[in-house]
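Notebook open, fold on the screen. I'll jot down what I looked up, in the order I got to it.

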Amino acid sequence: MIILLIILFAAFVIIGFFYVKGAASWIVGSLSMLLLALSMIALAYHDQTNWGMKEVTTTSTHQIYTAGDKTAPYGLMIKAEIGQNTGNYVLVFRNNANSAKPDTNFEPNQNNIVESVKKSATYQLTDTTTAKVQTTTTRLEFSSNLMKLLFGIGGEQNTLVKQHSVVSVPQDTWLVLTQSQVETLTKKAPQMQAQMEAELKANPAKALQLAELQKSNPKEYAKMQVEQIKQLLGIKD
């Protein structure tokens with residue numbers, strides 16, 4: 001709409017000064033020139049400061065699921081930091097419990113770098129029992145229908161300002177590993193499993209105790225598994 005007004009006022013400037021006769025010529029021409037200048041200033045100010053728009057922030061939360069074996073008693077999330085010491089991560093986990101494969105989340109879109117730099121994601125270890133991701137998104141919206149009518153031609157409605165996601169995982173029953181640590185675990189897991197089976201075979205009472213623990217207190221059993229894996233990988237809390 002503002003573009004149409006600029007064209008219209010420019011046309012009236014020409015008409016006023018060159019086609020209208022008498023005193024009305026200066027009135028029409030000068031008024032049109034003033035309105036033309038104000039319209040151009042308004043457009044420039046809008047482009048520079050997003051005048052006529054407001055920031056609207058929304059928050060969404062949903063549960064996430066392990067990136068590893070779905071039958072394992074503990075959860076797994078794989079992390080990859082973007083850059084060095086940025087606190088911004090690509091994180092691998094399942095968004096749906098029934099997904100056959102895990103999802104790669106928060107990976108920058110190389111085809112839209114401008115929007116990608118507005119997005120960030122991190123994680124934290126918490127005392128909760130379920131893993132979840134909370135995403136806070138801020139977008140620009142027109143502050144009124146009049147402003148949308150004037151400046152809406154540029155498709156600026158819902159322009160992303162920033163988006164930040166925080167993934168919270170239970171610190172006792174989940175592992176957050178790098179891809180390198182996952183590969184190390186994959187190599188060492190068979191040896192650890194064989195060693196554990198040998199110990200349990202030599203100590204039937206302990207084997208029975210662990211079996212009962214797995215049924216009666218899955219959380220404590222998962223915690224024990226996580227501690228063993230951390231020890232295997234040399235991870236210190």
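Burial first: I call a residue buried under 20% relative accessible area, exposed over 50%, and partly exposed in between (1.4 Å probe, protein chains only). The model is predicted, so I keep in mind that local features need pLDDT of at least 70 and side-chain atom pairs 80 or more, while totals for chains, interfaces and linings use all residues. Residues are numbered from 1 along each chain as its sequence is written, and side-chain values use heavy atoms, with hydrogens and water left out.

**Aromatic pairs**

I searched the whole structure for ring pairs and got four. My criterion takes rings of Phe, Tyr and Trp (its six-membered ring) with centres within 6.5 Å; planes under 30 degrees apart are stacked, over 60 edge-to-face, the rest tilted. Tyr45 and Trp51 have ring centres 6.0 Å apart and planes at 50 degrees, so I log them as tilted. Tyr45 is partly exposed at 43%, and Trp51 is partly exposed too, at 35%. Tyr89 and Tyr123 sit with ring centres 5.2 Å apart and planes at 70 degrees, so that pair is edge-to-face. Tyr89 is in S3 (89–93) and Tyr123 in S5, so the pair ties together parts 34 residues apart in sequence. (Strands are DSSP runs of E, at least two residues, and helices of H or I, at least four, numbered from the N terminus.) Tyr89 is buried, at 13%. I also noted that ring pairs link Tyr45, Trp51 and Phe151 into a cluster.

**Sheet**

Next I traced an open four-stranded sheet, order S1-S6-S7-S5, with mixed pairing; two strands pair if DSSP finds at least two bridges between them. S1 (53–63) and S5 (119–126) are the edge strands with a single partner each, so one side of each has no neighbour in the sheet. S5 runs parallel to S7 (159–170) over eight bridges, and I picked out Leu125, whose bridge partner in S7 is Val169.

**Nonpolar patch**

Which residues make the nonpolar surface patch of about 710 Å²? I listed Met1, Ile3, Leu4, Ile7, Leu146, Leu149 and Ile153. H1 (2–18) and H4 (145–151) are the elements giving two or more residues, and H1 gives the most, with three. Patch members need over 30% relative accessible area and no salt bridge, with nonpolar side chains (Val, Leu, Ile, Met, Phe, Trp, Tyr) joined within 5 Å and like charges within 9 Å. A salt bridge puts a Lys or Arg side-chain nitrogen within 4 Å of an Asp or Glu carboxyl oxygen; areas are Shrake-Rupley with a 1.4 Å probe, and for residues only the protein chains shown count as cover. Met1, in the segment before H1, is partly exposed at 36%. Leu149, in H4, is exposed at 52%. Their C-alpha atoms are separated by 6.1 Å, though they are 148 residues apart along the chain.
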